[in-house]
Every structure is written in C-alpha cells, then in structure tokens.
Amino acid sequence: MRLWLWALLPTLVLAGCNEKDANLAHNSLLFCTASSPLSFNPQLVISTETLDATAHQIYDRLLALDPVSQAIAPALANQWQRSEDGLRYRFHLQPNIRFHHTDGFSPTRALTADDVVFSFTRITDSQHPYHQVSGGHYPFFDTINWAQLVQEVRAIDEHEVEFVLNYADADFLYYLASDYAVILSGEYGAQLLAANTPQLLDQKPIGTGPFLLNFYRPDEFIRYLRHPDYWQTGSNSSQLVFDITPKSSKRLAKLLAGECDAMANPAASQLEVIQKHPDLALTAAAGINTSVLAFNTQKAPFDDVRVRKAISLAINKDDIVQAVYFGRATQADTLLPNALWQQQDQAMENQPPVSPPETRTTETQTTETHFDRHVGYEQNVARARQLLAEAGLSAGVKMTLLMPAGSRTYNPDALKTGQLLQQQLAPLGIKLTLRDLNEEMLRNMLLTGQHDAVLTGWSADIPSPDNILRNLLSCRAISAGTNASRWCNSTFDAELNLARVDTERAHRHAYYQAAQYLADLDVALIPLAHSQRHLSYRRSVSGLQLLPYGGVNFQRSEKE
C-alpha cells in the first residue's frame, strides 16, 4: 500500500525533519503532481513532469523569459553583447551566485564562467567526460543541432563567457532562456569524477535555484529545502514537497482536503468544481501547445498518404474538444496555434538588447503581417472510404494506438481521446487497439519505430514556431524521439533553417507558413486540439507562477 505524503507530514516521518517543529506543515508547500521525474537534469529529457520538478526549482539559466512581455530578461547573466554578424555572444555573470550546499557537496566558490563552459561543453563535446553519462542524449539540443550550431563556449575571465557560433540563429537567446539550458556546477562535476560517481550529477543535482533537492522516494514524493543563499527573493516556505499522485481524482481530493496546497493538470471535468469551491483558485494560461495523432509514416500502410488523409477525414475534432477538454480548448486546423503567432510577434517586438541592457536602444517593428493558413480537412467519411479503397484497403485495417499513461497539458485524457477515435474510425473498417504506456516505455517505442500510431503533442518551449515544427517533424527529431511520425522532408527542413538565420519577422513567418503547408499537404500529422493550461491551488497560497513556456515556478510562493 502506498504511504501518502500527507500522512507522513503530521507524524514527521519525512527524513531529516525536526520532530519538535510544530510549524512544519505550515512552512511546507505541498504540490500534487502526476508522475515522477525521469531525471533531475532537464538537459537530458523532454518530459513535462521532469521540467516541473527541476527546471525552475533546482536550477537557473543565463537568461529568462519575461512571463508577460515574452522579452529576454537577465538571469544569471546581467549583461550581454552580440557581434554584428550574429556569430559571437558574450555574457557577463551576476556576482556572488551561490550553489547549493548539501550533505554530499560543499561548494568552495561562487558561480563562475567555468560552470557555464562545463554545462554546455558536456552537450557538444563527445570527448567530454560527462557527455555519455546518463545516456549521452540531449533531446532539446539534439533537435536544434546544438553541436553544429555552437563552435565553442569559452571563459573570457571569471565572470565573462563567450559563445562562438558556426552560423547565425535568430532564436539563439531563446535557447539559453529555455528550461533545458540550466547551469550545473563544474566543481561538483570534478568532485564526482574524482570519486568515480559521475552519474550522481544528474541524480543528486546541484544548482543555484531557489530550492535544493533533499530527498526523493521514487513514485511517492520529492522533498526540496529552501536555498538559504538564493540570489533573488525566495519563497517563505522552508520546504517544497512534490507529492506524486498519478490520478487526477486523487489529486483533487487531496487539494479539497487541504492535504495538498496546489495541484498540477486538473482534469477538464474538474474545473467547474474547482471554480465553485470557496477555498480554491484556478489559474489558466493560453495553450501554446498542440495535441496530435501521429502515424508511423515509415510503416505500411501508414506510409501511404491516402491512408493518412482518409483517417483525417473520418475524425470529428469538435467531438474530441467537447468530450475530452470540455470545451476548454480550440479545434486544431493546423499544427501552430494562433497564440504562438501572437506570442512570436510580441516577443520579436520586445526583442532584447544585444549589447548590455542598460546601454542599448532599439527600434520596434510595428508592421502587421497577415498569413493565409492552410485549413485542415473537414470530416468527410464518404471521401475517406474512397481513399482507403484506392489504397487497396476497402476491407479496413488493424492498428494499435499508443497513448501516454496519465494526463498531459496538451491532452488531459488520452484514453478518452483514444476511445473516441475508436468509434470514429470504426465505420471505415479500421479496428483500433488502445495501449497505454508509461513515459519511458513510450519513448523507447518511438525511438525504435515499433509503433503504428501514437497520441502525442508538444508544448512550446520558446516563443518561436520553430520549436513546435522542428521538434514534431524535422528529420533530426526522429533520432531525438520527438518526431513520432518519422516523417522526413528535406524541403520542410530547409524552410525551417531559412527562418532560423533570417531576423526579418515577415520573412520568418513566410518560411514557417511554407513549412507548415508542406506538412499539412502530406498529412504528416493530424493536429487535434490546442488546449488551455491550468493550475489549481488553495487561496492560502500566493505567488505561484504558471509559466507560458514551462511548468510552475515556486520561487516567490507564499503560504499564509
């Protein structure tokens, strides 16, 4: 029987707690989340739950994204310059940034440029002693071809670091502000190498973030302690606890009972209950995400565009939006949600200074650009049958649909979505077998191309269309495990690459539109919905941030 964390707190079974501290529960912030992290280093994964548990709790980045304006903002770096050709970026670090002090590590110095070099050279240099530790895969960085983009990361002096690029990339600063671009401790890495325990770098992490990892019991809970030397205003909670509760109904029950202070991913069916409850609050954010049905386009019969188009014509997306999202999503006609185009425009208008922030002046573009979007296919079962007949599949086809276990931001109930697809495809003679898998098993299936089809999606990491299009459909994303359709089109990739090196907004949009049109035309994926993101919490809690390109930030959280 599972021992729930709320039961542990009153009895103070949590390891390391003072048994006489009557204020422990009050000074602890409990967050009910859906699953365990796959790692404690965001560089290694693309799991939302892993990012929630690590990116903004344990670590900081050189840069940050302003949650309102989408502009690049200072973080560990307080100044930066870019060369005129866009091939060199130099960052000046904040002084006296302290790393975590734990039972296993006592830092002897503050953050330096050597730590930045260590953090990024690990990714690019195959000969680096940490490159192959924990598998040697860096999905976010692999997909954007980081190793080819970045020629060198070098320390100029103790507080200044320079990135030298092989080619200009208009999104480069956004990469450094993403959840994945965390700064590790080079001193800790050296200590672990000397002890022959390098794997602990990603299992028992050291960062500069507002909380430090204190204890982790897999599939049960994670306990963090407040970082006493944090360089910004921190939480008033002495500890932050992630209670791992897979079922949304149990998370809500704990929230209602006061056994959790906040909960991740409330089900769409629960939102009305939460809104009516006097002790609970609900925060919503525009869905910069896409839920998709992806076929393995390298496997018959899904390598035939007629089959993919036939299935797309049989799907009633509005039924899915109503039944799965309870109307709190928009039907997806294309891969890119309108909110992302709006955020991209806003981010580009608020483009950060490329010389030190306090000295640079910038002109803001105000030209409005309008695009004709390729409209997705409307439901047409008769035409779908005709296409299947042309493909030699009049008798129908059997297929297995993989689904992620648990809820996702872009799909709160994959099982219900799968059941609706079963019903909608049955008139075509398509027999759909549903199979749900945990995150690790699902990722392995996609990497090896063993699947027929999968319910998946993507939540944008940065305010750029490139992030969704490249991760879901580029050729490189196949080996990264994010391109579940295994669709590879060199012209599509070329359009994305042209957009990366062009800084003109209208030009970039045109390239992205061309890429999206190619994917739509070949039915590379079937976009289903763009959903809202929600966070529910008790009204006694304040300061939680539902980030536009990431999870939840507890840095300034307070509990009455």
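By class, how many nonpolar, polar and charged residues does the lining of the largest pocket have?

Analyst: This is a predicted model, in which local features need pLDDT of at least 70 and side-chain atom pairs count only at pLDDT 80 or more, while totals for linings use all residues. Residues are numbered from 1 along each chain as its sequence is written, and side-chain values use heavy atoms, with hydrogens and water left out.

The lining of the largest pocket has 18 nonpolar, nine polar and ten charged residues, where charged stands for Asp, Glu, Lys and Arg, nonpolar for Ala, Val, Leu, Ile, Met, Phe, Trp, Tyr, Cys and Pro, and polar for the others, including Gly. In total 37 residues line this pocket, and P246, A405, G406, S407 and R408 lie nearest its centre. A pocket here is an open set of points on a 1 Å grid where a 1.4 Å probe fits, with protein on both sides within 12 Å along at least five of seven lines, and lining residues have an atom within 4 Å of a point.

Two or more lining residues come from each of α9 (248-257), α12 (317-325), β15 (397-404), α15 (414-425) and α16 (439-448), helices being DSSP runs of H or I with at least four residues and strands runs of E with at least two.

Turning to α9, its buried residues (under 20% relative accessible area, 1.4 Å probe) are S248, R251, L252, K254 and L255. These residues cover an arc of only 160° around the axis, judged by the directions to their C-beta atoms, and therefore they sit on the same side of α9. After α9 comes G258, which has a positive phi near 80°.

Note on methods
Buried means under 20% relative accessible area, exposed over 50%, partly exposed in between (1.4 Å probe, protein chains only).
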